[in-house]
Amino acid sequence: MMRRYNRLLVLFYIVTDALLAMVALLASFWLRFHSGLIPVTKGYPQFAQYAQMLPFIAVLVPIAFNIQGLYRLRRGRSRVDDFFAVFVGSILTCILGLVALLYYQAYYITDQDTYHEVSRFLLVLFLVINVFLTYMSREIVREMLERRWKAGIGLKRVLIAGAGDLGRMMADKVLEHRELGFKVVGFVDDRANGDHIGYRGLPLLGTLPDTDEIIRRERIDHVYVALPLEEHVKMLGIVEATNREGVDVHVVPDLLQFIALRARLEDLDGVPIISLNDVPLRGFNSVLKRIIDVAISGTTLLFLAIPFAIISLLIKRGSKGPVFYTQERMGLDGKAFHVYKFRSMYVGAEDDTGPVWARDDDPRCTPVGTWLRKLDLDELPQLWNVLRGDMSIVGPRPERPYFVEQFKHRIPQYMLRHKVKAGITGWAQVNGWRGNTSLEKRIEYDLYYIENWSVGLDLKIMWLTLVRGLHRHAF
């Protein structure tokens with residue numbers, strides 16, 4: 001039932017996105033050429049020229065949005081995530097559309113006198129209008145569904161087989177995502193003791209052999225089997241009970257102790273295989289992220305050429321030694337690389353202390369270095385690491401191999417953060433877990449980023465880095 005519901009909602013989104021994209025194109029055409037608000041200097045194109053683009057746009061927008069994951073109904077997606085996904089998808093539509101139009105103009109337009117070049121300003125208008133219309137349509141759907149579920153209309157009744165940690169986690173997920181329209185009625189479990197009664201107000205309705213009777217009595221629509229591995233043999237009886245009563249059954253595999261990142265189902269010549277700790281940054285996604293990294297790092301390095309020269313002069317005048325400081329860090333797949341920073345400490349500062357954590361009042365810092373660290377300017381040369389491909393703009397912060405050797409034995413799943421390239425900024429940093437803070441929390445946020453990566457999330461982190469960085473330094 002959930003799959004059918006998801007398919008219908010995805011179909012609705014695809015049709016709506018296509019229609020709104022065509023509306024956005026028509027509105028952009030009217031604003032650009034017929035509203036009188038924008039001067040027309042190169043003549044008025046025929047409407048038919050843009051009308052021919054409507055079916056093309058209607059196809060391109062769903063494709064671009066699908067690349068951004070907008071049709072994967074990710075649970076708990078925030079409004080900010082929705083906005084950035086729509087924004088990036090619309091930009092991708094404009095880029096693909098422009099490339100296609102240039103190709104069409106070069107190879108299929110023979111009479112250039114009657115063909116007007118597509119207005120670049122019209123594409124900007126399309127981008128703004130399409131983002132607004134699409135985002136608002138999703139907000140309307142979100143609001144309607146939330147009101148419907150809160151009113152208790154159309155809820156599907158759920159029974160969870162297993163009241164242990166796995167069953168409780170399943171109950172938490174359903175309760176946290178009411179937008180799916182499910183209501184947890186309670187648990188069935190053979191371990192009928194007080195420890196499993198009343199979790200979040202959900203009762204223990206009986207034992208596993210009572211499942212068929214409970215399904216009839218409570219008018220259950222879905223049964224989630226969340227039994228530990230040692231009790232999976234009991235699952236057969238539950239499946240038989242659900243088949244007799246005609247309800248949907250879903251099995252929650254007890255592999256959580258092995259899964260730290262996203263799991264993916266693969267097929268090996270007809271044999272289903274679960275691939276653990278898969279990450280979305282593969283194939284096209286990794287290429288797209290690399291293009292963004294090169295564009296941003298290259299442009300920023302050119303823009304900061306003069307500030308770099310000024311900082312270099314201040315460092316040289318402040319203390320003896322080189323301008324830049326290189327340090328070995330661990331990056332993608334646990335491979336070491338040398339990170340570049342503006343030198344903020346005296347030469348030989350670690351000869352006596354060895355590798356230690358940096359702190360705000362670090363006596364090893366030069367006067368200029370203290371200022372550079374306070375404003376985070378010492379990290380700017382890492383843009384060169386990004387351009388070289390050692391790092392990314394966004395990702396888990398790289399750590400020194402000396403500390404990695406300590407942490408990987410002390411902190412579970414620590415090495416999973418090396419499934420992606422290290423970054424100048426990251427999800428942990430913009431949420432306050434930077435510097436000498438909880439390592440466990442940093443790992444938790446790093447793994448969340450790796451599992452939920454998207455271009456929209458990267459842009460969100462970049463924006464939060466700028467906003468919160470300016471706020472931190474201003475106050």
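Predicted model: local features only at pLDDT ≥ 70, side-chain atom pairs only at ≥ 80, totals over all residues.
Tutor: Ground rules: local features need pLDDT of at least 70 and side-chain atom pairs count only at pLDDT 80 or more, while totals for chains, interfaces and linings use all residues. Residues are numbered from 1 along each chain as its sequence is written, and side-chain values use heavy atoms, with hydrogens and water left out.

Student: What makes β1 (residues 156–161) largely enclosed by the rest of the structure?

Tutor: Burial means under 20% relative accessible area (exposed is over 50%, partly exposed in between, with a 1.4 Å probe and protein chains only). Five of the six β1 residues are buried, so the strand is largely enclosed.

Student: How do you know that β1 pairs with β2 (residues 182–188)?

Tutor: Strands here are DSSP E runs of at least two residues, helices are H or I runs of at least four, and both are numbered from the N terminus. Two strands pair if DSSP finds at least two bridges between them. β1 and β2 have six, in the parallel sense, and Ala161 has Val188 of β2 as its bridge partner.

Student: What about β1 and β4 (residues 222–225)?

Tutor: Those two have four bridges, also parallel, so by the at-least-two rule they pair. In β4, Val223 is the bridge partner of Leu159.

Student: Which residues make α10 and α11 a contact?

Tutor: Contact means heavy atoms within 4.5 Å. Ile311, Leu314, Ile315 and Gly318 of α10 meet Val368, Trp371 and Leu372 of α11. The axes come within 8 Å and cross at roughly 145°. Axes are lines fitted to C-alpha atoms, for helices over the stretch in contact, and angles run from 0 to 180 degrees between N-to-C directions.

Student: Why does the α10 and α11 contact count one polar residue?

Tutor: Ala, Val, Leu, Ile, Met, Phe, Trp, Tyr, Cys and Pro are nonpolar, Asp, Glu, Lys and Arg are charged, and the others, Gly among them, are polar. Gly318 is in the contact, so by that rule the tally comes to six nonpolar, one polar and no charged residues.
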